[in-house]
Amino acid sequence: MTTFLRKRIVSSAIPLVVVVLGVFVLARLTGNPVDLYLPLSATPEQRAAFSAANGFDQPILVQLWDYLGQVVQLDFGESLRTGQSAGEMVLEAFPATLQLAAVTMLIAIVGAVLIGSLAAYRPNSLADRTSSFLSMTAASIPDFWFAIMGVLVFGVSLGILPTSGVVGGPEVWVLPIATLLIRPFGVLVQVVRGSMVAALSAPYVKVARSKGASEPRVVFGHALRNATMPVLTVAGDLTIGLVNGAVVVETIFGWPGIGKLMIDSILQRDFAVLQAAVLLTAVTIFVLNILIDVCYALLDARVRQAVPA
Amino acid sequence: MTATLDKPDGSKDGKKNKGVPAVASRPPRWWLLLGRDTMAAVAAVVLGLVLLTALIGPLLLGDAAVRQDLSASLRPPSFDHGITGLLGTDILGRSVLARLVEAAGTTLSVAIPAVLCSLFIGSAVGMWAGFHGGRRENIAMRVADVILSFPSLLLAVVVLYVFEPSVANIVLILAVARIPIYLRTARAEAAELKSRLFVDAARTFGTTSWATIYRHILPIALPTLLTVATLDFCFVMLTESSLSFLGIGIQPPDVSWGLMVAQGRQFLQTAWWIAVLPGVAIVITTVSATILAAWVRLATDPAQRWRLTLPKNKRGKRTPEVSA
């Protein structure tokens, strides 16, 4: 188990490093922050002083080396916009996104397992075809449009839900979560249904039935456990993809999370904040991948043995 | 499509269809299979209409998409103003219908090249990696992991700020972001096929590796790859409209469905049709593509295709899983 984990950590760390380096270089290519932060009337001396103060006059390799040196000491630089520490800004924004994502995935997985299993229990029944059509539609709706429709119907016309912000009771959560939820939920229902149909026609299900196990036990105890693997893979990919949704949702609903912070810092050429935000996202995805691999190994003994020591 | 399928599938199909005398041993033509599945047929017709609209619509409507008429500003949908006024007008008095047609062309001219590029490159590299195995496979899969482990929208945002957001750049970034999907699928197929007897035979005769991949591996992997591509068409369309919505995709004066939603957002309370209708267009197109993808998956899988050849009312009862 330890060998398995060590191998997975090493192989998952390579993308992490590449992403951090890539964003550093790409961010430098997006344009010179000196032009954005100093007035047009600034003298060349002022420009040079601003560059030197923030290290932009150094060759890119030197900048990269300095940056890596600072990251190791957990110093992510300062925001050009506010002068605040980039690390602090990112850590402040992170919980808002994390809460949003965690609640969304929890609802999506539980709901999809229930509805997908129900659909798979009687393939081609009315319930199956209805849920298939609805889940396909859910997976195909553009999230930003769904959010706007939510605002139009529940915010503007009915006036029962707030259209933006995080201040207030549980009702501020409804629209952002519904928007984030719709795509993962639609995809997961289809995946659960597919793998449950296969699992329910397997011989071990017949055995379980013939020894007198109750139907809920057959479906959730025997079939579901074996149908979990593809669901886990897709749920992992969808969680990574949730960052896409978070950018859109946080922009529309004014949710002070990491997606909004990233878009804002790109627009403002705020390199330090962008890099810190991307680094944190990449680390989160890295941890998530490790967790998924551990789940695989816990669920399926073959995975543990497949990796030679 | 069917031509490449005939050979590998023929025998299996015959066996599966033992109890169904109506089906000949050779697989039925694909349009007959499509006719059997009402939902998929409707989806295919809708997609065809969207394509046709994008191709000939702008010719019929002329400059209606850009013609401004401030006296007709924010006119709601009605039958009173001819075909261009059917779906209302925006703040500048431009016809929403004409703009929707124009945007269909832009949206498809991003989505189709992006899907074709990633399908071609991803499949070629994936089959090459899976066929050779070893170090080449490892490197290709690591690259795929790197691309996949980064949220595609964020990648697009960063890259589109470096280079200007033109149609070509959007196609490029969407293609790169989706290559790993095909790469993984193609690699898995090729890795499984490379130890088959007919591939060994080809190798023994001294066939070059690319010829073996093209002649012996591609025909078997193609149905799976096409299914993935149909499904991916949806994803690419949605990403393009998200980018345009966020203001870093298609730029005015060009128009895409996502951009139209963004432009209509500020008039949500006064003129709902500007933001609602482009979204409906996106949903109709993507849902059709998803339904068609589900059908392609069934129709290209020899073990499942028989379901489509059954008379409709019996289909449910013939399905083995229902025995419970």
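**Close-up views of chains A and B**

**View 1. Chain A meets chain B.** In this predicted model, 37 residues of chain A are in contact with 39 residues of chain B. Two residues are in contact if their C-beta atoms, placed from the backbone, lie within 7 Å. On the chain A side, the elements that give two or more residues are α1 (2-29), α6 (126-140), α7 (143-157), α8 (171-200), α10 (215-253) and α11 (258-267). Helices are DSSP runs of H or I, at least four residues long, and strands are runs of E, at least two long; both are numbered from the N terminus. By class, this side has 28 nonpolar, eight polar and one charged residues. Nonpolar means Ala, Val, Leu, Ile, Met, Phe, Trp, Tyr, Cys and Pro; charged means Asp, Glu, Lys and Arg; the others, Gly among them, are polar.

View 2. An unreviewed UniProt entry places the feature "transmembrane region" at residues 39-61, 110-131, 225-250 and 270-296 of chain B. Such annotations may be inferred rather than shown by experiment; positions follow the numbering used here, and feature names are shortened. Residues 110-131 of chain B are 100% helix and 0% strand. Their end C-alpha atoms are 31 Å apart. Residues 225-250 of chain B are 85% helix and 0% strand, with end C-alpha atoms 28 Å apart.

View 3. B:L108 sits in helix α4 (residues 96-132) of chain B. Is B:L108 buried or exposed? B:L108 is buried, because 21 other C-beta atoms lie within 10 Å. The cut-offs: buried is 20 or more such atoms within 10 Å, exposed is 12 or fewer, and partly exposed is in between, with C-beta atoms placed from the backbone. Leaving out residues up to four places away in sequence, B:L108 touches B:L51 and B:A54. B:L108 and B:F233 are 125 residues apart in sequence, but 9.5 Å apart in space, C-alpha to C-alpha.

**Notes.** Residues are numbered from 1 along each chain as its sequence is written, and chains are lettered from A, ligands numbered from 1, in the order in which they are written. In this predicted model, local features need pLDDT of at least 70 and side-chain atom pairs count only at pLDDT 80 or more, while totals for chains, interfaces and linings use all residues.
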